[in-house]
Each structure stands twice: as structure tokens, then as C-alpha cells.
Amino acid sequence: KKSADDYLWRELEKTENELPLSVHKMTTAFLPSVAAVPSSSFVPCTQQSAKVSSVFAKPTKVSSRFAVSASAPSLLHGSFAGLSLQEKSFFGASVAQQPEIVEDAADFSIECMRHGNKLKKLNKPADQRKALLRALTTEVLRHGAIKCPLVRAKVLRAHVDHIITLAKDGSLHARRQAMGWVYDKRLVSAVFEKAPKRYAERNGGYTRVLRTLPRRGDNAPMGIIELV
């Protein structure tokens, strides 16, 4: 008769690459104290979605702290991805706690916080990005609508709205701020003259971005940004 220790060592050699390191260490650490269970009651863990016996069930023998029992089988994921211990003292004096089994553990995804992604860099350094946005803002105010890549249009929308907000303010400080961003000074004077009347009843949302056909050549998403 082959003991349970020999069977577990043989199964560990087969599935050494499939088991996580924590489960591998956890199993090998308690091999000496595994209760002698007939080999017929063991189910190989390499089978996908196999019915594995309650591995961490309360042992039937009093002298054993850890045993494998064939009673009360439960469906366990083949990769052991859904196995998580509820307490650190799981293998302590009391083994009554059962592991928490997650059925769809393979479909879990980890979502990280978007640190450092507040600003769209547009694949340009800071000085070139600022010059590009200043030039596009000037052209939107001059022509009323321009066609550009969709990402640039979405970033540009906030800058054009800010210039119009300054124009509705109409103060000397606001005018100097607008002149520090828009390249054409005569255009700034025209915007400060017409914007307060045109957007008197609108508080924000002075531009809209519309999707258009992708650009020929590289299939880049394109959009049209225009004044409302």
C-alpha cells in the first residue's frame, strides 16, 4: 500500500508549475501530518473543474491537524485561484474554518487608480504641447470650427471655453490673460466685444466636439470642434 504522503508528493511533482507558490508551500509544510487516507479517496487536482474533496475539512482523526477527507465534495477551480483563507490562524489549533471559494476567480481583474494620468500629453513635450494648443485655440476663435484629431479636440475644448469665459468677464486682467494665450491680439479684441452678447444666457459649454470620418493613411480618429 502506498501512503498518502507518497501520493501527494507525486501529485505535487505533476502540478508544480500549476499551483501558486503559497499553496505549494502550504501543502508541503503539512505533509508529515497528513492522515492516512486510502488512495481511492483522492482526486487529482489537474482536472479542470473537477470535484475536489473538502481539502481543508475538519479531520476525522483526533491526532491529525490536517487531513484530506472524501466527504462533502465541493467544486473547486482547477488552478486554485478562487481559494483564499479567511484567517491567518487557519492551520492553528482550530481547523473548523472553511476556505472561501470563489467560482469565477479566473475572470477577476485588478483596476488600478489613474495616478499621473490627469493631463493628456498628446505625445509632445510641454513646450510643444502648449504652442499647439495656443495655435488651435486661435484658429477655433478665428474660423468658428476646425477639424483636428479627436483627442486634440477634446483637450482643446477646455481652453476655448476658458477664453470665452474671460471675454464674458471683460476686465483688464481677463483681457491680459487672453492675450497671453491667443496669438492674435486683434482677435482677442473681437472676442471680448462679441462673446458677452452671444453667450449671455449660456454658462459654460461654449464649444462642441463632433466625430467625423477617420483620417486617411493612419486611420486616426478625427473630430470637429466648433463654437456653439
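Let me start with Arg-208, which at 36% relative accessibility counts as partly exposed, a label for values between buried, under 20% relative accessible area, and exposed, over 50%, with a 1.4 Å probe and protein chains only. This is a predicted model, in which local features need pLDDT of at least 70 and side-chain atom pairs count only at pLDDT 80 or more, while totals for chains, interfaces and linings use all residues. Residues are numbered from 1 along each chain as its sequence is written, and side-chain values use heavy atoms, leaving out hydrogens and water.

Arg-208 forms a salt bridge with Glu-226, their closest N and O atoms being 3.1 Å apart; the term means a side-chain nitrogen of Lys or Arg within 4 Å of a carboxyl oxygen of Asp or Glu. Because Arg-208 lies in strand β6 and Glu-226 in strand β7, the pair ties together parts that are 18 residues apart in sequence; strands (E, at least two residues) and helices (H or I, at least four) are DSSP runs, numbered from the N terminus.

The structure holds four salt bridges, and those that share partners join Glu-139, Arg-142 and Asp-184 into one network. Within helix α3, Glu-139 and Arg-142 lie three residues apart, about one turn of the helix, and their side chains meet at 2.8 Å, N to O. Arg-142 also meets Asp-184, at 3.0 Å, N to O, and this pair links distant parts of the chain, since Asp-184 sits in the loop between α5 and α6, 42 residues apart from Arg-142.

As for cysteines, Cys-112 is exposed, with a relative accessible area of 70%, whereas Cys-148 is buried, at 5%.
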